[in-house]
Amino acid sequence: MMLRLKPFLTTPLPSTPLTVFFYNEKSSRSRTIYTNEAGHFNLRAALDFIPTHVRVLASDRLSATDEIHITEPQGVSLITDVDDTIKHSAIGAGAREVFRNVFIRDLGDLRIDGVKEWYTKMTSMGVKLHYVSNMPWQLFPVLMSFLSGAGLPKGSFHLKHYTGMLQGIFEPVAERKKGTLERILSDFPSRRFILVGDSGEADLELYTELVQANPGRILGVFIRDVTTTTTQGFFDSSINGENNRTGPRSAPAHSSSTTPNGSRAALKDFEERPKLPPRHQTRSASSLGTARSQPAM
């Protein structure tokens, strides 16, 4: 637990100059930026070459280097939520259960069946991933460990700049995420998007607004139902209109949509589409605490 809490206990470096190097085997450029009062920084740099790596230098003893992954101007991107979408967090079960899932439980126990296979298939078809979460940046090492252990593909990360007390982790996220999503769509005006989330944090309402505001750019919206306690699985079908909210729902793997005039809409290249993760019975929020071991707080 202390290893995961450690980033929250560090002393920030406010108003500190940083040198950021972008480079590849032939070229290099640098930019200087200052951290804010919380020790955070954000940099958008226009470059005349394509870098392969970035290095952030604060001092001769404090630096970080990482590989750069390029997203082309055109293509398809998948924007995905993290908590309760690709990682079990039980946001609806309350702060204590969230704390246990974030800071105590083994990361291997937080995997959700079918996510690895579905996301891996999507990336093999050329889809780029963008992970968007209300998770604070202090939990970035934990998130990276989870993604690596779960075998999930790499992508860009858009997390929360954490400045308040620890309770800030549990703040409402819809409006905060909206700005991030709008920026991604603005940064890639020629790309089209698939939106993936869950029913526990108003993702459906937020994604609906994005669909209406960006006609023709959103290819699909997938929502993992974590609030309905009847037998169901990872995502609700947005294709089969015969499903209902009160009974068991069949997997959407081979369904097609019916238009109001009765004609059936063709699903282009259907056989090549990756299958959705298998459906399984979800547990109610009240059962989450008893179905898993309860570490002492």
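In this predicted model, 6 aromatic pairs are found. One of them joins F99 and F103, with ring centres 4.8 Å apart and planes at 45°, so the pair is classed as tilted. Stacked pairs have planes under 30 degrees apart and edge-to-face pairs over 60, and the value for F99 and F103 lies in the remaining range, which means a tilted arrangement. Both residues belong to helix α2, which covers residues 95-104; because F99 and F103 are 4 residues apart in this helix, about one helical turn separates them. F99 and F103 are both buried.

A tilted arrangement is also found for the aromatic pair of W118 and Y119, with a centre-to-centre distance of 5.7 Å and an angle of 50° between the planes.

The strands were examined next. An open sheet contains 4 strands in the order β2-β1-β3-β4, and the pairing is antiparallel. Strands β2 (28-34) and β4 (62-67) are the edge strands, each pairing on one side only. From one strand to the next, the twist averages 15°. Strand β1, residues 17-23, runs antiparallel to β2 and is joined to β2 by 7 bridges. Within this part of the sheet, F22 has R29 of β2 as its bridge partner.

Definitions and conventions:
Residues numbered from 1 in each chain as written. Predicted model: local features only at pLDDT ≥ 70, side-chain atom pairs only at ≥ 80, totals over all residues. Heavy atoms only, no water. Phe/Tyr/Trp six-rings, centres within 6.5 Å; stacked < 30°, edge-to-face > 60°. Helix = DSSP H or I, 4+ residues; strand = E, 2+ residues; numbered from the N terminus. Buried < 20%, exposed > 50% of the residue type's maximum accessible area, 1.4 Å probe, protein only. Pairing = 2+ DSSP bridges. Axes fitted to C-alpha atoms, helices over the stretch in contact; angles between N-to-C directions.
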